[in-house]
Amino acid sequence: MTSVHQLLHDRFGFSHFRGVQEQVVARALEGHHTLAVMPTGAGKSLCYQLPALARHGTAIVISPLIALMQDQVRSAESFGINAAALTSASEDPRAIRDALRDGKLDLLYVAPERATTEGFSRLLQEADIALFAIDEAHCVSEWGHDFRPDYRLLLPLLDQHREVPRLALTATADKRTRADILVQLGIGADGLIVAGFDRPNIRYHVRPRDGAARQVGALMKDQPGPGIVYVPSRNAAEKLAEQLDAPGRRVLPYHAGLEPKVRSRNQSAFVASEEMVMAATIAFGMGIDKPDVRFVAHAGVSKSIEAYYQETGRAGRDGDPAEAWLFWGADDFARARRRIETEVEPERRPQERERLNMLAAFVEAATCRRAILLRHFGEEPPERCGNCDNCLEPPATIDVTTVAQKLLSAAFRTEMRFGVAHLEAVLGGNDNEKVRQFGHDRLSVFGIMDAEELALVKPVARSLLARDALRADEYGGLSFGPGAKPILKGEQSLVIAVPPKRVRRKRGQADY
Ligand code: ADP
Ligand code: ZN
């Protein structure tokens, strides 16, 4: 009998399983349903590739990433696995269907939209199925950060083959999402396997943004080796690449708007390089296997803690020390909150708001970053990790409730439509032309702050925006969010971390 260890060694060339792989593979081979929550880089593919070889029949892999399927097929083929992807881009779909019926495929990748069609269901009736692997399984949950309605239609298909083991896989599911995945895919609670999420070699740093290009430039000086800088837009990717590209330290852009040829050329250059930096949108990273990425920087906040963890998880897969830097601004949160209120379906808004609040708590925290991240994924980490900014340089905290109350009052008295610079002028008693024009020099809040308080206005505004006590319109005009009243009434205090270095800002700079 060829044991799984022998298969692992002979076909994949690995000497041993990593972490929970062995447990997950064993369950699949015994015919049990499983939800495996494993961080990026933990080796999820092997968990279904090996059973695909060991079990009779074809493993059907449901994957939302059509763009990556060809890569996945090639990677599987490199281990001698007979694999194919059935997509609209398949050259000969009939041949693939025939191969499936004839039992000639070990693995078949298919997108959920196709998997849930009548035609595919009929096709599977004629096939011998070894396993259903549901990749990116968080897409099935409305609590997940990337809900795809098609995933909800998978259960009936799976239930047509009750005896076939199901293996749901995800890197990014918090507790609630996991519970939901189990229900949505018909997996028993005892089928949940969670790998340790900690990436101890990654050092986390979070800083207010103060000229992202300059901050990233400084980071590149301190940190040799390949890096990824995530930026919020295609434009920003191009601009940053242009600004930072230098002899000996190439910086290339990567985003979905690039010609496919250029995009894949930049990607190959990055994978091959030992010093290159990629200025990329989140289009970059999935399916890229580069173990020696030394830093991942974010020039703006990710969509959620899960997304942030997944993106930073691309650093240091080789286990050597690596860095994660997040440069955030209040406008990141203001924009995300506007998006939720205008673009997200009303019934999904509460969980989206909560997701953003958790991210705000993370960037604002004065306590161990790793502990916050790991608790988010349901672990019980020690209070301090010793390898994040807040552990290495514990920030002083100050109670800024009074400053916040004065700032909120100023926003209220000026009818909640002015930006932070104007409110600062009013509060500081600066009777400039605009202040006089609106008669704001006659308000009770005019000149009620001293220099020390004024120096805190921007960090306080940032904090209030992050926690939805203030909301900014697209011109920066500030109005109350749901968190404003409790602070104004003195029911809730506001404590912020004093940044380790005082950041100097130029006048008129957008970041605050
Ligand atoms: P994930 O999908 O969880 O992010 P992958 O399946 O892409 O991770 O695997 C990440 C890398 O780890 C791949 O290069 C893979 O070949 C490698 N790998 C997986 N399992 C093992 C193992 N048991 N031993 C050594 N390397 C492994
Ligand atoms: Zn820490």
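Author: Before we start, one term: a helix here is a DSSP run of H or I with at least four residues, and helices are numbered from the N terminus. Also keep in mind that this is a predicted model.

Reader: Okay! Which helix gives the most to the shell around ligand 1?

Author: That's H3, which supplies three residues. The shell has 13 residues, and Phe14, Arg18, Gly43, Lys44 and Ser45 come nearest to the ligand.

Reader: What classes of residue are in that shell around ligand 1?

Author: Five are nonpolar, five are polar and three are charged.

Reader: Now helices. How do I read which way their residues point?

Author: An α-helix has 3.6 residues a turn, so residues three or four places apart point the same way.

Reader: How about strands? How many residues of S5 are buried?

Author: Six of the six in S5, residues 129–134, so to speak a mostly covered strand. To place a strand, look for its bridges. S2 (residues 58–62) runs parallel to S5, joined by five bridges; Val61, for one, has Ala133 in S5 as its bridge partner. S5 also runs parallel to S6 (residues 166–170), with three bridges, and there Phe132 is partnered with Arg166 of S6.

Conventions. Residues are numbered from 1 along each chain as its sequence is written. Chains are lettered from A and ligands numbered from 1 in the order in which they are written. This is a predicted model: local features need pLDDT of at least 70, side-chain atom pairs count only at pLDDT 80 or more; totals for chains, interfaces and linings use all residues. A residue is near a molecule or strand if its C-beta atom, placed from the backbone, lies within 6 Å of it. Helices (H or I, at least four residues) and strands (E, at least two) are DSSP runs, numbered from the N terminus. Ala, Val, Leu, Ile, Met, Phe, Trp, Tyr, Cys and Pro count as nonpolar, Asp, Glu, Lys and Arg as charged, and the others, Gly among them, as polar. A residue is buried if 20 or more other C-beta atoms lie within 10 Å of its own, exposed if 12 or fewer, and partly exposed in between; C-beta atoms are placed from the backbone. Two strands pair if DSSP finds at least two bridges between them.
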